[in-house]
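Me: I would like to learn how to read the features of a model. Please take them one at a time.

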Amino acid sequence: MRSRGREKQAIEALVAHLEQAAVDPLRLAGEIGAAVGAAGCAVTVDGQRFAWGAAGGDWWAATVEHGGEVQGELALTPEPPGPLSDLVAALGPVLAAARLAGQVERSSREADAAARELADGRWRAAAEMDLRRRGLERDLHDGVQHHLVVLRMSLGLIEHALSTGAEDTARQRLGELTDRLDATERLMVSTASGILPVALVTDGLAAALRAELAQHDDVALDLDDALPRHPEAVESAVYFICLEAVNNSRKHAPGSSITVAVRDTAEGLWFEARDDGPGFGELPEHAGLHNLVARATAVGGTVRIRSAPGAGTAVTGLVPR
């Protein structure tokens, strides 16, 4: 009779627990344990065990079911003096609710995590697209612009030839201009497609610079034919930096002689583009420094621009090993 009374108290405690708030398995274990006079009580729900009171001793356990499914387990120590079938039955819907709440909470956390991951993925995709866009802008600026500057110079030479009556020379330069236009078109298409110059990919930095600049009378090349290969990103960065430096010299110091040098040193890949133009005392805002620095920084390198009135301009950089 005493056992039945304690079981009734435990069921009343169970009802009171439900009236106060959502199911708290740990607090529920304490309330049931205290109501039946146990030294320890444990409630297991959804594979997680919530224990109150004593940890040692012999434990009595009963499987809790509801709706034809196992919802968890009730364990007590010491073993109760009589059966607690009514308590176990009443505990069934309670543990079912606790189990469902736990599943909902996990699903909510997983959904939040998935949403954050999706948002992060979209942010990363947007950042990557922006990075590629900026890279394309630099490639067009540093690579294609080089050809556009040469085309402008070629047009100036044709105009000069026509004005002086040298029609044969003008015709010859018109043929060269057509070839340069075709080359510029191919470069624009390949750059927009993210394709690097063939010579750079297959033969390396020295070969690519030679293929691009050796045909120009105002550029002298000081390249190491035995230059070892470097990572594609490094070679690409140095290649476009050198082209941009040559472009700057042609725009801001027209008629000057330009020297492009590349060396593999103990410190890393060293390069320089120098002209003997008029130079300047203060770096012009339009000198293209931002693109040069951005490209070098992207591969861990540095770029320095040195100039003085009457002493020309030198763009020097290093990508460490």
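Reply: Helices (H or I, at least four residues) and strands (E, at least two) are DSSP runs, numbered from the N terminus. This is a predicted model, where local features need pLDDT of at least 70, side-chain atom pairs count only at pLDDT 80 or more, and totals for chains, interfaces and linings use all residues. Residues are numbered from 1 along each chain as its sequence is written, and side-chain values use heavy atoms, with hydrogens and water left out.

Me: Which way do the residues of β1 point?

Reply: In a regular strand the side chains alternate between the two faces of the sheet. From β1, G40, A42 and T44 point one way and C41, V43 and V45 the other, and all are buried. Strand β1 (residues 40–45) is therefore largely enclosed by the rest of the structure.

Me: Where does the charged end of R49 sit?

Reply: A charge sits over a ring if NZ of Lys or CZ of Arg is within 6 Å of the ring centre and within 35 degrees of the ring normal. The charged end of R49 sits over the ring of W59, 4.9 Å from its centre.

Me: How buried are Y239 and F240?

Reply: Y239 has a relative accessible area of 3%, and F240 has 4% relative accessibility, so each counts as buried.

Key:
Buried < 20%, exposed > 50% of the residue type's maximum accessible area, 1.4 Å probe, protein only.
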